[in-house]
Amino acid sequence: MLKRTIHLVLITLILLPILVLMMLSFGEQWIFPDVFPQNFNTKTWLKLFSSDSEISKSLGLSVLISLSVAFLSTLMAFVFSKVISTSKYKNQYIKLAYLPYILSPVVLGVLWHYFAVVLKLNASFFGVVLAQFLICFPFGFIILSSFWSRHIYDIQNLSFTLGASTYFSFKRIIFPLAKPILGLCFFQCFLISWFDYGLTQLIGGGQIKTLTLSVFNFIKEANIFLAAIASLLLLFPPLLLLFFNKKIKFKRSLINTH
Amino acid sequence: MNLKFTYTKLLRVIFLMLILLPTLAGFTYALLYSFGLTGLLSEGFTLKHWTETLSDFYAWKSIGFSLMIAMISVFISFWISLFLVLKLTKDFQKKWFHRLIFVPLCFPATVMALYVLQTFSKSGFFSRISYQLGFIDQIESFPELTNDAYGIGIMLTSVLMVFPFFTIYIKNIFDAEKLNEYQQLSQSLGASSLQTFWKISLPILWRKSKLTLMLYIIFVMGSYEVPLLLGRQNPQMITPRIVDKAQRFNLQDIPQAYAMALMYLGVVLILILVTSASFVQFFKRKSDA
């Protein structure tokens, strides 16, 4: 009985946010004290497909920024994790990579704002990508550092002994072995960028309207129905991945990733 | 070989630059600005901004408020997770349960804050249900759970976001430490469930998760979106306060914003040092024994 009650509470606690957002996204006119909106229709959702829709523009921009940041961070993190893996100060390098997380990205955004202005990167797509990259890259580095184990180097050396070139060894051995962790790193960096609000707001100066910024704007405009749609769109990629790929774990903790 | 060595060294320097340079540059600029050595209204070296910031009651209140919210949120999340792991140990093997516990990790802070706002505010979902059920007779009668003086809405959002991760994390420790076997052993030696919990399970889980809990306290302290939506001007969490000061039209406030940012970084570093020191001490004692 107790177990059932716990299950029920847990299911409600976890699924209620999605249900409430779904309800709001299809709702219209939610006047107190009505528990549910007066009308349910797809009108707000259909706005998403109109050519001048702010949400679809934000969606496109968010996808572009997150993909760029994730690709750049994963690529660079892979290269640098290999270079650092042979250093005798490897652990010290990894500890340094924790810095941006401990010091809060938003506070770093405040500190970086001046440099973004001087370099003419504020309120620009590239400025936001660069700022998010500076946060995602250390995270990617921490994830990928765990890949370069003794075992991987042994396999690589074996392939060299058997006559493989550096390129062949990378293409046929290292890359296939690294694929799962590269996928994890890419997805994690994508999510950090996808979820970011503070840094984008500060460096983008409110001009780079990603989905998270749209949610805030809609809330400020008291348009909770559009805010709910933008929120559901934000939830979509991680939920999709969770549903289809259980292998990719959500490693939020810095300890866990190390 | 020599070229490869130089190339590796160069890449390591570039790595250090990528990690340290942006942070150090920002830190140095903030330091110079807060001492009046740079900036639009700079008048040369002055301690004025630091004196004002350090004697600003509201700045300290913000830091204290942030720390309190973070500690309470992490404490509650830890106990919920502990309860779930110990009560539902076997359920973690079920596919549906495993997936369910991962779902909240898909929520960005902004979305979770929006949900809490629409559900727990005075005009939110639960207030409407309470009205329909006759628990309240007007909108004002519903308790203030968002944008409130105690940060209840912020804590609620933080707990909703943090407890699933802690649950997964604690379950991993539970498995890795083979806690199940220790529990069985202690009970077969005559210990009660309560004794097993206080003397075996809790100390092991606490020792293993202490550092992560500390890091999460720092993360929650530095959260921005949630207090922006669910907080208020007084008391205000530290990050919205810093951003507010830095982005105001009054240029006189900017040096104070930088001083406050540095003050916050100082507090965070002290927290890390204290934690690390206690860990070093713990391991030293262990190795001495």
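**The interface and one serine**

Author: In this predicted model, the contact draws on 77 residues of chain A and 80 residues of chain B. Together, chain A and chain B bury about 7400 Å², of which 81% is on carbon and sulfur atoms.

Reader: Which helix gives the most to the side of chain A that touches chain B?

Author: Helix α1 (residues 2-26) of chain A does, with 16 residues. By class, the side of chain A that touches chain B comprises 62 nonpolar, 9 polar and 6 charged residues.

Reader: How many salt bridges does the rule find across the interface of chain A and chain B?

Author: The rule finds 0 salt bridges there. It does find 9 residue pairs in polar contact across the interface of chain A and chain B, both residues being at pLDDT 80 or more.

Reader: Why is Ser127(B) called buried?

Author: Ser127(B), which lies in helix α6 (residues 125-132) of chain B, has a relative accessible area of 0%. The term buried applies under 20%, and therefore Ser127(B) is buried.

Reader: What makes the approach of the side chain of Ser127(B) to the backbone oxygen of Lys122(B) a polar contact?

Author: The side chain of Ser127(B) reaches that oxygen at 2.5 Å.

Reader: Which residues does Ser127(B) touch, not counting residues up to four places away in sequence?

Author: Ser127(B) touches Phe32(A) of chain A, and in chain B Thr119(B), Ser121(B), Lys122(B), Ile136(B) and Phe142(B).

How values were computed:
Residues numbered from 1 in each chain as written. Chains lettered and ligands numbered in written order. Predicted model: local features only at pLDDT ≥ 70, side-chain atom pairs only at ≥ 80, totals over all residues. Heavy atoms only, no water. Contact = heavy atoms within 4.5 Å. Buried area = accessible area lost by both parts, 1.4 Å probe. Salt bridge = Lys/Arg side-chain N within 4 Å of Asp/Glu carboxyl O. Polar contact = N/O pair within 3.5 Å; in protein donor to acceptor, adjacent residues only side chain to side chain. Helix = DSSP H or I, 4+ residues; strand = E, 2+ residues; numbered from the N terminus. Nonpolar A, V, L, I, M, F, W, Y, C, P; charged D, E, K, R; others polar. Buried < 20%, exposed > 50% of the residue type's maximum accessible area, 1.4 Å probe, protein only.
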